[in-house]
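I set out to record a few local features of this model. The entries below follow the order in which I looked them up.

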Amino acid sequence: MIKKHKNVGLLFFLLLMVVIFVCLNVSTRLIGGNLKIDMTQSQRYSLSDASKEILSSLTMPVQIRLYISSNLATENPQYANYAQFVLRYLKKYQQAAKPDLIKIETLDPQPYSPLEEEAKRQGIKPLPDSGGKSNLYFGAVITNAKGQKAVIPNFISARSGYLETDISRILYKLNNSSKPKLGLVSPQLPLITHAYGQIIPNWAIVAQLQNDYEIIELKDNIVQIPGNIDVLLVINIEKLSPLFTYALDQFVLRGGKLLIITDAFSERQASTHGQNSAPTANLNALLQNWGLNVNNEIIAGDRTLGEITSIQTPQGTKAANFPYWLHLSKSEINQQHPATKGLDNIVVKTSGIISPQKNLGQTKYTPLLTTTAKGGNIAAKDLYAHNQAELDNLFNETSQQYTLAAEIEGKFPSLFNTNILAGTKFAKAMPSFLSYSIAPSKIIVIADSDFIVAENWADTSQTQNNPVYGLAPIYDNGSFLLRLLDYLTNRTTILGLSNKENFNTKSIGEELYMQTFNQYAAAYNKAQAELIQRLQLAKNYETQISQRLYPLTAQRAKEIEENNKAIQSLQLKLKQIEYQIKEQNQQKISSITQKNIIYFPLTCIILILLCYMYLKSRQKKKIEEWVHEARTH
């Protein structure tokens, strides 16, 4: 009888465990459906403190109109999971902001509808569907109460790590009335092209800067920096004229913020204008007065940081770490400085070397980028006369750590004794001459200009019609430059924004989908490529017929019919592949869900039973031992 009661108790206990497990799952789903714990190292699914601070400072409502085609996931599989990720992330902003401060409207622009025309007018750019036609939409228009807006023409998955940075910067910009004014002096690297009275950014970095700053171009022969300039960016000036030296001197003494990019050997200039124009001006007459020295006669190198590249030698091609193209990681990037904290990887090429003067006075010197302690160098003049293999052999390892970028801040004396135009009619219209700083200044110098060339640090293939949000960074070069300018303009809030992860990092769901897609990728891509060709052929036939370029013969009519049949067949094939991908992916998800819902609790129950049986066996054995001892005694 006692044994029977024990078995009933065991069954009741197991039944209770099952009920508790089911209730726990249901209640968690109902009560905490939106509550998730972010276990990723980069906190990919959580808003940063900087974003929360930006949200807390919003002074007016913001509306986010998300244009997303309902068939985006099926017609363009690479966006299947990313679209949901973006929508969930936008809702995080809505939840973190004050009530009714951020409104999200999801719109589905169907082909040839008024909503599609609206999306195009707003600047949303169409994406290709599985048939090669551009009638899918996945972009956003973010507007504040004053009607000021920012447009993301397309969200691209390759930029997923920058999603928070992009949205938070937009909110910050919409909450502030005007952009800071950036003075730009770049005579040898024409970052902006002027054509027919228009300014055409032909460098990807310019589009990134224009998104947050009002760029004012200046010449390198002016004697005065305009008073409305918030930060001055000087890139690769060819000669440091006395007039411009005076202009920079007085700008700094008035507390101006200055970012100088110079180069011992500019590879972009060498390829554009010839190697003779590769060096830049010697700025040391001015820099040494501020406590810095830039050696443009020596190229810094480090074999441990060198980019692996193919080098042609007399013995054939070999892979080697080219010591003058450096991949800097966190160890070489100052993680204590607010402008560089959190940056993971930066690429520099054939950089000069920066060092502080011995007597810094009341100024503070801070290295921002360095080599390792196993640095080395080569004479800059050798770059003109040798190929890569020879340059590799000429590398001189000095076991020193070299500085490639640095900041100097404080107050400085003037390099001049009086106004350079004293005694002329122009002097009266100029601000009074300063012999010493009236306000502290910050000066940052970078000894390499090739780091701003987008091809060195980003994928630019999707930047057409989407120059800002179509750029897919691979390295942090663009963020490095932008954050330096944010730092110099005292925009401390957005300095806390950083890339969440490498551009190719995916969630578990995305990884599952890509694993499934990759099984069919070859067939899918082949069918899609053939379909695009067939559609183009159909378009050519249509043009020829409408413009009567060729007569519509029976043979041509047959060709058109066969081409149309092939198009229909390919479209059907793509649909079938997409269905197979969807079904197989769903099976994987169901399998994982089944394991979590059924197998996990079942395993727990079996373990409990085994433990129970083991304990019962031990108890029975002890009782038998006691009985045996009692009988013996």
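I listed the contacts of Asp450 (heavy atoms within 4.5 Å). Leaving aside neighbours within four places in sequence, Asp450 touches Asp263, Phe265, Ser266, Glu267, Arg268, Lys349, Thr350 and Asn456. This is a predicted model, in which local features need pLDDT of at least 70, side-chain atom pairs count only at pLDDT 80 or more, and totals for chains, interfaces and linings use all residues. Residues are numbered from 1 along each chain as its sequence is written, and side-chain values use heavy atoms, with hydrogens and water left out.

I placed Asp450 in the loop between strand E23 (441–446) and strand E24 (458–459); strands (E, at least two residues) and helices (H or I, at least four) are DSSP runs numbered from the N terminus. Asp450 is buried and has no salt bridge. Buried means under 20% relative accessible area, exposed over 50%, with a 1.4 Å probe and protein chains only. A salt bridge requires a side-chain nitrogen of Lys or Arg within 4 Å of a carboxyl oxygen of Asp or Glu. For Asp450, the nearest side chain of opposite charge is Arg268, 6.1 Å away (Lys and Arg count as positive, Asp and Glu as negative; His and the chain ends are not counted).

I next looked up Asn417, in the loop between strand E22 (403–410) and E23. Asn417 is exposed, because its relative accessible area is 78%. From Asn417 to Phe433 I noted 16 residues in sequence and 8.9 Å in space, C-alpha to C-alpha.

Last, I noted that Ser51, Ile54 and Leu55 in H2 meet Glu164, Ser168, Leu171 and Tyr172 in H6.
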